[in-house]
Amino acid sequence: MNKTCRRWLAGAVLAVIVLAALAWTWYGVRQTADGRSRYEQINDEYSQVVDPADPSAGLVQTFAWEKGGALYGVRLLFSIHGRVAHGTLYAELQDSAGTRLAGAACDMTALLDNTFYTFIFEEGPVNLTAGESYRLRVWYQPATAEDVVGLWASETVLTDMPLTGGTADSGTGTAALQLVTDHSGGFASRAFWVPGALLALAVLGGWWLLFVKKAGAVPVFCVAGALLGLVMSLIIPPLAGPDEYAHAATAYAQASELLGQAPYDEQGRLRMRECDAPYMTDETGERGVFAYKRMAGQLLETGHDGALTAVAEDVRAAASGNRLLYAPMVLGMALGRVLGLSFYGMLWLARLCNLAVYLALAALALHLTPRAKNVFFCAALLPMALQVAGCLSADMPVMALTLLWMAWCLRGCAGPVTTAGWLAGMLLAALLAPAKAIYLPLTGLCLVIPGANLGARPGWKKTAILGAAALSWAAANASYFGYLMRDMPDAAFWLGGAAAVAAAVIGLCAARLWERRPAARRWILLVGVVLALVALAALFWMASHWGEDPTPQQLVEGIQPNGDSIYTYSVGYILRNLPRVVKLTVATFAAKLPAYWQQALGTALGEPVIYSVEVSWLLTLALTGVLWLAAMPAADSPRRLPGWRLWWVLALCAGCVALCVAACLTWTPLNYEQIFGIQGRYFLPLVPLLALAAGEWRGVVRSRDLSAGVRLAQIGLCAAVLLEAISQLAAL
């Protein structure tokens, strides 16, 4: 068999596997999400069984529904008197005059004793008028005279809801009745084929581009990322992404400003359109098949008024004030409101704008990096990366900027950096540092660039990059840093600022000496280490002498009704209680490190604080293995991170983790036994660097190019994660 035949045979096998996976998932969705009902109790009191005096005439229950709306069916509590009944039972909804509106029937053998049975109307949902009286007639055709079916009912009649038609020895009462207010029917299994077809197209299209067209990394990433990201934007329920309700409120307010509308009223409440007010909340959105059903029913609606005539009482905005992070979402929301889209249409358009910007920036990073393209490809297509891109999340620009920054640094390692390139790097560092405070150490990645590649005065150029990052970080986080220093006197804050300025000046001088006197570099490093140790010693002395911890009495009095302490960790408290902080950190990571890794890769999707969709651990291990294969070096390739650079990269990752721990400690009450608020997605930008570091191990090397196989494997694994997530999300 020649090479072409083997290629097409492999494609056919892949197509069979894809179709089998789709069919298996479709069956699971059909079993768990089709035919589900929501109901509202009309009467939940029952203590007697009422049998009909005449089975053909049946029982008639009069009722009224205060809310009104679409009625899909009814649920009744039956008694079959301890034996299996045979025959056909009918339920018919009538108006107050006795005119039939809808009905349903069932085989009486399906009835269980003292168990509710659901009747779904054959004609579909019926719109009931709020407060109006309706009749529910239940009768049956028994197979024998012994086949008797009764209804459980209360011993007294609820107001204007009598149950009539019972035998002479039956008392009066009201049947145990529930109204089916929503029904999934076959929606889930039908709707599944939209994301299913997109996933199949992503996998099979990726195979065709990689093995038939021999396409490069960028076009394959754009096609696969667009299809997989589109699926992610559809399967994560509205406002159910990580903190999406808060990011949506922030983007909504900024979209109002962009459109020239006042975002808040006099009481500080978020102003919004009438069609948006029922869905904008201060908590994670609804999950499950009914959330998808409602979204599908309104997704393509148009003609909604753009006037902000409603308000949301409890909606809160996200804490970040960085408008750059919200720009794609804001544009999508503003465009959706201009087009008159429904809430769901506007939200989905904002998600698509977020996804488009992510794909563009990640594709640019993939294009710019001269090496480790497979690592960038796999990292950019991780399910968690697609979730933050396909939802309303401020983490999307952070991930995209991180990829761009790493690509720029690797490009600088591979060849000369022009003046324009240096200015671009300075801009990237200045944008990345304030995007999320914990990623400040990543700006130090520019130090791995050889000085010769930066041209004249490389030390000054690197210092300028770090200075731009530090200044933008300080400007964005000054107020929050002041909060962290709340238990320290103001003098400590100003002294710390002066020390930072002095460190910058010393760094500039050291950079100049480093360039001019290569022979003195050892002494420069020695002096730098000594100064750093002196600074740390001074910091510890300040923390232990200038700050005060809460007294035991204050700690006891500070316990809230929910058991949480009002006191949280501060910088001073952390430094004064390092053994306790170390113990707390070790306990947290020992208990949750596997979960953090799942969340970082995206095999645990959703909002981890509220709900989590955890797929098979086999997929977690497979994604980890593909990342390692992507970073695996060729036998004769030079090291990407030679010498000290590998240890420097690992130190930068450790610095980001340390800042993440410190930031989450500031949210953690002092009486907690684990750190509160750490989520695996915070470590997502570190995944490419960790993969590069793992690739420096030369114990296993590849003898041939694995690029096409690695990229297809990443696409397939991401699709598999999404398939399993669809099955779980529909069943919530």
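Analyst: Helices here are DSSP runs of H or I with at least four residues, numbered from the N terminus. The model is predicted.

User: Which helix supplies the largest share of the lining of the largest cavity?
Analyst: The largest cavity holds about 60 Å³ of space. Among the residues that line this cavity are Asp 395, Val 398 and Met 399. The largest share of the lining, 3 residues, comes from the helix spanning residues 395-414, α11.

User: Which helix gives the largest share of the lining of the second largest pocket?
Analyst: About 360 Å³ of space lies in this pocket. Of its 17 lining residues, those closest to the centre are Phe 187, Ala 191, Pro 195, Leu 234 and Tyr 292. Helices α2, α3, α4, α6 and α22 each supply at least two lining residues. The largest share, 4 residues, comes from α6.

User: How many nonpolar residues are in the lining of the second largest pocket?
Analyst: The lining of this pocket has no polar and no charged residues. The nonpolar count is 17.

User: Which residue takes a positive phi in the hairpin of β6 and β7?
Analyst: Strands β6 (residues 87-95) and β7 (residues 100-107) run antiparallel and are joined by 7 bridges. Leu 89 stands opposite Cys 106 in β7. The hairpin has 4 residues between the strands, and the residue with a positive phi, near 95°, is Gly 98.

Note on methods
Residues are numbered from 1 along each chain as its sequence is written. This is a predicted model: local features need pLDDT of at least 70, side-chain atom pairs count only at pLDDT 80 or more; totals for chains, interfaces and linings use all residues. Side-chain values use heavy atoms; hydrogens and water are left out. On a 1 Å grid over the protein atoms alone, a cavity is a set of points where a 1.4 Å probe fits but cannot get out, and a pocket is an open set with protein on both sides within 12 Å along at least five of seven lines; lining residues have an atom within 4 Å of a point. Grid points are joined across faces, edges and corners, and a volume is the space filled by probe spheres set on the points. Ala, Val, Leu, Ile, Met, Phe, Trp, Tyr, Cys and Pro count as nonpolar, Asp, Glu, Lys and Arg as charged, and the others, Gly among them, as polar. Two strands pair if DSSP finds at least two bridges between them.
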